[in-house]
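I opened this entry to record what I looked up in one chain. The sequence and structure come first, then my notes.

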Amino acid sequence: MTAIEVGTDLSLLDAALEALPNNPAVFVLWPPEGEPYVSKTTLLRRRLLRLLKEREKPSRLLNLRHTVKRIEYRLTGSPFESSVLVYDLTRRHFPERYLDLLKLRMPPYVKIVLSNEFPRSQITTHLARTPGLYCGPFRSRASAERFEAGFLDLFQMRRCQEELAPSPEHPGCIYGEMAMCLRPCQLVVGPTEYGGEVARVVEFLRTEGRSLLAAIEHSRDRLSEEMRFEEAARQHKRYEKVQDVLKLRDDLARDVDRLNGVAVTRSLAPNAVEMWFVREGNWQEPQRFDFEIHEGKPLSLDRKLRETFAAVAPRKLTTRERQEYLALLARWYYSSWRDGEWLGFDGYSDIPYRKLVNAVSRVARRMEQESLPGM
């Protein structure tokens, strides 16, 4: 970060502030003693002048002119870059309370609790190291609950949250009476048979519904070939119901261990974009991708993108780091101020480079339009 030392001659401070660019940035104000002030702004010079410029009349606005000894700042190319940088700085300087300062809300996930003898689903905002499948992040708890209720209608996994003590005398519930649960609570099935149904649920979530759709499609086609058209029609209706359930899933939501993608945002550098990678639910080091003309010849974007992805070294984060970076991604993606492109894909061995080239081109085109006079 660029630093400005504040001496006793505050007229020099005024001159330094007037020379600052009026660009988006993240800044840190350091007092002689104590904790720094960390913030972000879309107009650096105007914001620092408000905080540090001498005022002729008393004002209620915060003024730190006489309490700052050093100013640090870094210009940023997008709100997303600013958010990530503020998170990193706040976590470094306030390790005990950075989440409260950032007001960073953890997004909800649908969790399949696999540590239980009779697994169940639940909504949670925390990733853990205990055995389980996490599907998310979702936009809100309400959307996670809608998706959970929808996919549970397709299977016979239990919906109760109690710790089961199976017994023939167990009263059961309405879902068991409606044949929407295998009723392990009443010993109708044992752990092995119930586990088979849970495995189908897990595979459904891991494959984003493709496992169930393929099975239904195969059954429908077979029945149609056997001229059992009424049964084939029922399977087709079931196929459509599964598709309707999948539409309830928010765009980012999938098995977190299979969450792969890249966010493309504006860059501070000309003729470049910033690329933010997620691999198997883990945040990777971002890369700057430039598309300048070298030696009079433009390079193939497809080839350069392949080289950029090859340069990203896979890294694993702690559970806490993973959860917080995914919260930053979810807040950006589901926000009204999202200013870039997100491209998700199944894995880094099967990246849709043509779609990625188009995403990069769209971001670059918007940057070019915004730089035109009068825009």
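**Ground rules.** I am working with a predicted model, in which local features need pLDDT of at least 70, side-chain atom pairs count only at pLDDT 80 or more, and totals for chains, interfaces and linings use all residues. Residues are numbered from 1 along each chain as its sequence is written, and side-chain values use heavy atoms, with hydrogens and water left out.

I use buried for under 20% relative accessible area, exposed for over 50% and partly exposed for in between, with a 1.4 Å probe and protein chains only. This core has 36 residues, and Trp283, Leu329 and Trp342 have the most contacts inside it. Two or more residues each come from β2 (25-30), α3 (79-93), α4, β10 (272-279) and α11 (319-333). Helices (H or I, at least four residues) and strands (E, at least two) are DSSP runs, numbered from the N terminus. The largest share, eight residues, is from α11.

I then listed the partners of Leu329, taking contact as heavy atoms within 4.5 Å. With neighbours within four places in sequence left aside, Leu329 touches Phe80, Leu252, Val278, Trp283 and Trp342. Another core, of 32 residues, lies apart from the largest one and includes Ile123, Phe155, Phe204 and Leu213. As a general note, nonpolar side chains in soluble globular proteins tend to be buried together.

**Leu305.** I found Leu305 in helix α10 (residues 301-310). Its relative accessible area is 0%, so Leu305 counts as buried. Beyond four places in sequence, Leu305 is in contact with Met275, Phe289, Tyr353, Leu356, Val357 and Val360. For the pair Leu305 and Val357, the separation is 52 residues in sequence and 7.9 Å in space, C-alpha to C-alpha.

**Backbone.** Most residues other than glycine have a negative phi, and most peptide bonds are trans. I noted departures from this.
- The peptide bond from Gly136 to Pro137 is cis, with omega near 0 degrees; Pro137 sits in the loop between β7 (132-136) and α5 (141-152).
- Lys103, in the loop between α4 (98-102) and β5 (109-113), has a positive phi, near 55 degrees. Lys103 is exposed because its relative accessible area is 68%.
- Glu208, in the loop between α7 (191-206) and α8 (210-225), also has a positive phi, near 55 degrees. Glu208 is buried, at 17% relative accessible area.

**Cysteines.** I searched for disulfides (pairs of cysteine sulfur atoms within 2.5 Å) and the structure holds zero. Cys160 is partly exposed at 26% relative accessibility, and Cys135 is buried at 1%.

**Surface.** Ile174, Tyr175 and Met178 form a nonpolar patch with about 300 Å² of accessible area together. Areas come from the Shrake-Rupley method with a 1.4 Å probe, and for residues only the protein chains shown count as cover. Patch residues have over 30% relative accessible area and no salt bridge; like charges are joined within 9 Å, and nonpolar side chains (Val, Leu, Ile, Met, Phe, Trp, Tyr) within 5 Å. A salt bridge is a side-chain nitrogen of Lys or Arg within 4 Å of a carboxyl oxygen of Asp or Glu. Ile174 lies in helix α6 (residues 174-177) and is exposed, at 55% relative accessibility.

Methods: A nonpolar core is a set of buried Ala, Val, Leu, Ile, Met, Phe, Trp, Tyr and Cys residues joined through side-chain atoms within 4.5 Å.
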